[in-house]
Amino acid sequence: MGSEEHQKPKILLLGTIEHAHDAWSRITSIADIIQPTSTDRTSFLSECASGAFSSCLLAYRTFDSTTLTGPLDQDLISALPSSIKYICHVGAGYDAISIPACTARGIRVSNTPGAVDEATADCALFLLLGAMRNFNAGMTALRRNEWRGGTEDQVKEEEEEEKKTTKKTIKMPPLGRDPRGKTLGILGMGGIGKCLARKVAGAFGMKVQYLNRRRDWEGEKELREQGSPRVEVEWVETMEELLGTSDVLSLNLPLNAETRHIISTKEFAMMKPGIVIINTARGAVMDEAALVEALESGQVQSVGLDVYENEPEIHPGLLANPNVMLVPHMGTWTVETETKMEEWAISNVQMAIEEGKLRSIVPEQRNMQ
Ligand SMILES: O=C(O)C(=O)CO
């Protein structure tokens with residue numbers, strides 16, 4: 001036997017292993033790890049051209065490694081050595097990777113779908129309640145040393161004044177709305193959407209309806225049979241119906257060429273006036289400039305956002321609006337979930353090395369498995 005046959009496969013590590021060290025140690029025992037020395041896209045492309053990664057079988061990448069490589073678009077995929085056969089992404093959303101470019105080069109891509117569901121749905125729940133109850137306006141007033149929009153003394157003074165007259169002078173955030181009995185419309189009924197449906201029905205007593213590319217009969221049955229209390233979800237056939245009859249809209253669909261700006265001026269006009277919108281998917285599924293206008297006109301009452309069109313930049317119209325609750329992309333930001341995501345991605349690496357296939361290949365490539 002030649003010595004080549006005993007060589008371990010090489011793995012290109014884009015990003016770092018933060019949590020799943022035990023799982024990663026299984027990989028380091030069966031593969032050699034190559035890490036780039038470059039610090040930006042230009043030098044990364046030069047490093048690719050220098051042959052530094054030649055003979056790597058697979059690339060493991062984190063969401064944050066985009067700051068090094070930029071998006072894994074056509075140019076970057078073409079720069080990778082032809083030995084790369086798999087890209088194992090840590091995260092559910094893989095919009096930073098051009099799947100057509102990978103498919104054309106025979107590169108199979110995996111993501112970590114189920115691992116993110118609970119934490120992302122919890123984040124949506126937080127944003128939903130915060131946006132419905134106008135908590136952001138009250139919380140930011142407090143940080144300005146104001147009590148619900150005025151100093152405590154001012155408020156007391158104004159209360160005294162109010163007793164003498166019938167004049168209402170106390171500055172308060174507008175009254176919020178209770179979620180109970182309201183209708184949540186979910187756009188995109190995947191794992192996160194279903195998890196959210198279960199949570200809002202159980203915790204808040206909300207009604208749930210959804211729009212998806214296809215009606216998910218199996219998912220509806222699961223929700224009915226496993227939900228506690230029973231979760232009855234209604235399927236709606238059109239965007240008009242979803243937007244026109246939902247009190248709250250949650251965006252839970254992946255970002256791709258078809259879903260970019262799926263919510264824009266025309267869709268805002270179809271919405272029930274005063275709707276509340278939650279986005280934990282990707283910023284660019286909604287047209288941010290159009291959202292700012294819809295908030296200013298009052299067509300949209302309030303929003304809760306975890307994701308933005310040009311992260312880490314946020315539209316100034318969103319930052320300035322007290323009816324906007326903002327979280328800096330922290331949907332999966334928990335020890336348990338980040339660990340689970342890394343472990344899931346590592347299980348894809350292990351399967352690729354040992355069995356030549358992926359545990360969770362992206363849906364567009366199912367026929368390549
Ligand atoms: O899993 C994802 O796609 C995320 O955005 C987590 O940060």
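**Exercise 1.** Does Gln301 count as buried, partly exposed or exposed, and why?

Solution. The structure is a predicted model.
Step 1: take the relative accessibility of Gln301, which is 30%.
Step 2: compare this value with the cut-offs, under 20% for buried and over 50% for exposed.
Step 3: Gln301 therefore counts as partly exposed, because its relative accessibility is 30%.

**Exercise 2.** Describe where Gln301 sits in the chain and which residues surround it.

Solution. Step 1: find the element. Gln301 belongs to strand 11, which covers residues 300–305.
Step 1: list the contacts, leaving aside neighbours within four places in sequence. Gln301 is then in contact with Asn134, Gly274, Ile275, Leu295 and Asn323.
Step 2: Pro173 and Gln301 are separated by 128 residues in sequence, while their C-alpha atoms are 12 Å apart.

**Exercise 3.** Find polar contacts of the ligand, and state how much of its area the protein covers.

Solution. Step 1: look at the backbone. A polar backbone atom of Ala92 is 2.7 Å from an oxygen atom of the ligand.
Step 1: look at the side chains. Arg282 has a polar side-chain atom 2.8 Å from a ligand oxygen atom, and an N or O atom in the side chain of His329 is 2.8 Å from an oxygen atom of the ligand.
Step 2: turn to the area. On its own the ligand has 230 Å² of accessible area, of which the protein covers 87%.

Technical notes. Residues numbered from 1 in each chain as written. Predicted model: local features only at pLDDT ≥ 70, side-chain atom pairs only at ≥ 80, totals over all residues. Heavy atoms only, no water. Helix = DSSP H or I, 4+ residues; strand = E, 2+ residues; numbered from the N terminus. Buried < 20%, exposed > 50% of the residue type's maximum accessible area, 1.4 Å probe, protein only. Contact = heavy atoms within 4.5 Å. Polar contact = N/O pair within 3.5 Å; in protein donor to acceptor, adjacent residues only side chain to side chain. Areas by Shrake-Rupley, 256 points an atom, 1.4 Å probe, with all protein chains shown as cover.
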